[in-house]
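Subject: Structure for your review

Dear colleague,

Please find the sequence and structure below. A summary of the findings follows.

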Amino acid sequence: MRSTWFNFLIPLMALCLPYSASAESQLPDIGSSGYSIISQQQEYQLGRAWARVLRGSTHIYEDALVSQYVEELTWSLVTHSQLTDRRLEVIVLDNPTVNAFAVPGGIIGVHTGLLITAQNEAQLASVLSHELAHLSQRHFASQLEEQRRNQPFFIASILGSILLAAADTEAGIAAMQTSMAASTSSKLSFSRQNEREADYIGLQTLTAAGYAPIQMANMFTQLQQAARFSRTVPEFLLTHPVTQSRIADAQNRAANFTGSATKENTISFDIAKVRIQVNYAQDVKKLLAKYQEMLTQHGNDTLRYAVAYTAIKAKKFDIAKQQMDQFTSAFKSQLSSQLLEAEYLVAKEAFEQADKILSNLHNVYPGNHAISFIYADNLLHLNKPQQATKLYETLVEGNPNDSRAWYLLAESYGLEGNIVGVHEARIEFFLLTANIDKALRQVDFALKEPNLTPNERARLEQRKEDAKAIRKSLEFDF
């Protein structure tokens with residue numbers, strides 16, 4: 001079955017290929033829905049099937065505060081983009097490499113390494129705007145159309161290399177270089193055409209959202225610098241080559257911009273970046289000392305947060321409390337600050353105190369993912385699985401594709417003794433991660449449970465049929 005998924009992925013991943021054009025005035029209208037090779041609905045189905053495979057083959061980043069930030073930033077850009085089909089799903093991958101990608105059907109993938117490399121929110125937003133442009137202009141469909149006419153095997157070879165790189169970076173890059181060398185100049189010209197259009201339209205989205213246009217060029221420069229100091233080329237540069245010409249184009253557009261877009265950063269970006277850096281730190285105490293040194297030079301809420309969060313991870317609770325007490329009144333009122341206090345109490349195993357804060361936050365911000373995950377975890381510490389279950393149920397109701405929430409819901413059901421609930425939540429988790437055989441076995445296990453109600457049995461039989469339909473979708477053939 002896994003080989004079938006790989007055969008399916010090879011044509012699908014074409015959108016991750018490099019793109020760009022000769023003159024903005026000559027940019028073609030490739031955002032049309034009139035491609036004969038694939039419809040928008042087929043793209044949507046492909047994207048959702050691919051997302052299942054992605055969840056089952058990679059690690060999703062588990063810090064809900066970071067994931068929620070990236071998702072909210074993406075949606076804030078969508079409202080200023082040319083994207084008409086807004087059935088969007090944002091997936092943050094637990095991967096320190098620098099990469100982001102757009103998959104047909106509205107899937108946006110972001111590696112945590114991209115947030116580490118970006119210097120500010122505007123730079124991150126420039127990459128997201130670029131990826132949204134690939135979706136709005138339907139570059140996947142145009143790429144397939146072109147390859148059907150020219151080089152039908154190039155996509156297979158280059159994307160097979162990308163998939164290989166996910167497991168073995170060096171081998172994947174070597175295979176990719178070989179595939180690239182075998183391509184013709186006409187293919188590369190077509191790719192540059194799409195890439196430049198994504199830059200052009202992405203910049204329009206970026207500035208419409210209020211961000212400084214020069215930050216797109218600055219991000220390109222950042223990526224080049226990251227490549228210079230790395231033994232391997234960042235994944236983003238492999239799929240989106242950055243040239244001096246491309247940087248110059250971005251700089252020229254920024255210089256000619258006549259609007260009022262000047263926004264560069266938010267404290268939310270800084271906090272997300274800090275949390276990723278701390279979670280990836282090999283020596284937390286060393287990083288804590290570094291942040292403390294920086295704090296003596298530039299005292300501000302962001303660095304105080306960095307010291308406090310790192311101190312919590314290092315179990316230096318006195319240091320964490322000292323910094324949280326020094327937050328400005330304005331920052332103390334922000335959700336991220338209040339959540340940090342709850343995380344501090346949970347780490348200290350002061351679960352009752354944390355419960356009071358989290359209960360209040362949940363009432364003020366109902367449905368907030370970061371609050372719900374932390375709150376539910378704390379409730380389990382307090383041996384209150386029924387209350388935790390309600391939170392997880394609300395999470396999956398709001399986002400049925402949240403595989404982590406389904407996994408934790410199964411655990412919560414188990415703690416409260418809801419065996420049928422455990423089976424059903426596990427089925428959903430397996431389906432969301434493309435483990436169809438495991439899902440079907442879980443259905444069979446559940447159907448053997450004694451005292452099933454007619455409704456429960458009917459739901460399970462339906463999930464069996466759904467699993468078979470999902471398996472068929474994973475074998476989608478052009």
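**Confidence of the model**

Among the elements of the protein, the lowest mean pLDDT, 40, belongs to helix H1 (residues 2–12), and the highest, 98, to helix H16 (residues 317–325). Here pLDDT is the predictor's confidence in each residue, from 0 to 100, and helices (H or I, at least four residues) are DSSP runs numbered from the N terminus. This is a predicted model, in which local features need pLDDT of at least 70 and side-chain atom pairs count only at pLDDT 80 or more, while totals for chains, interfaces and linings use all residues. Residues are numbered from 1 along each chain as its sequence is written, and side-chain values use heavy atoms, with hydrogens and water left out.

For the protein, the mean pLDDT is 84, with 80% of residues at 70 or more. Over residues 1–34 pLDDT stays under 50, and the model has 110 contacts (heavy atoms within 4.5 Å) for them beyond four places in sequence. Residues 161–190 also have pLDDT below 50, with 39 contacts in the model beyond near neighbours in sequence.

**Nonpolar cores**

A nonpolar core is taken as a set of buried Ala, Val, Leu, Ile, Met, Phe, Trp, Tyr and Cys residues joined through side-chain atoms within 4.5 Å; buried means under 20% relative accessible area, exposed over 50%, and partly exposed in between (1.4 Å probe, protein chains only). The largest core has 56 residues, of which Tyr-291, Tyr-305, Leu-339 and Leu-340 touch the most other members. Helix H15 (residues 301–313) gives the largest share of this core, eight residues. Beyond four places in sequence, the contacts of Tyr-291 include Val-274, Leu-303 and Thr-310. A second, separate core comprises 42 residues, among them Leu-115 and Phe-236.

**Individual residues**

Thr-266 is placed in the loop between helix H12 (244–255) and helix H13 (267–280). Thr-266 counts as buried because its relative accessibility is 19%. Residues up to four places away in sequence aside, Thr-266 touches Tyr-69 and Glu-121.

Gln-45, in helix H2 (residues 40–57), is partly exposed, at a relative accessible area of 41%.

**Aromatic rings**

Arg-87 lies over the face of Tyr-44, 3.8 Å from the ring centre, and the charged end of Arg-404 sits over the ring of Phe-373, 4.4 Å from its centre. The criterion is NZ of Lys or CZ of Arg within 6 Å of the ring centre and within 35 degrees of the ring normal.

Yours sincerely

Key: Helices (H or I, at least four residues) and strands (E, at least two) are DSSP runs, numbered from the N terminus.
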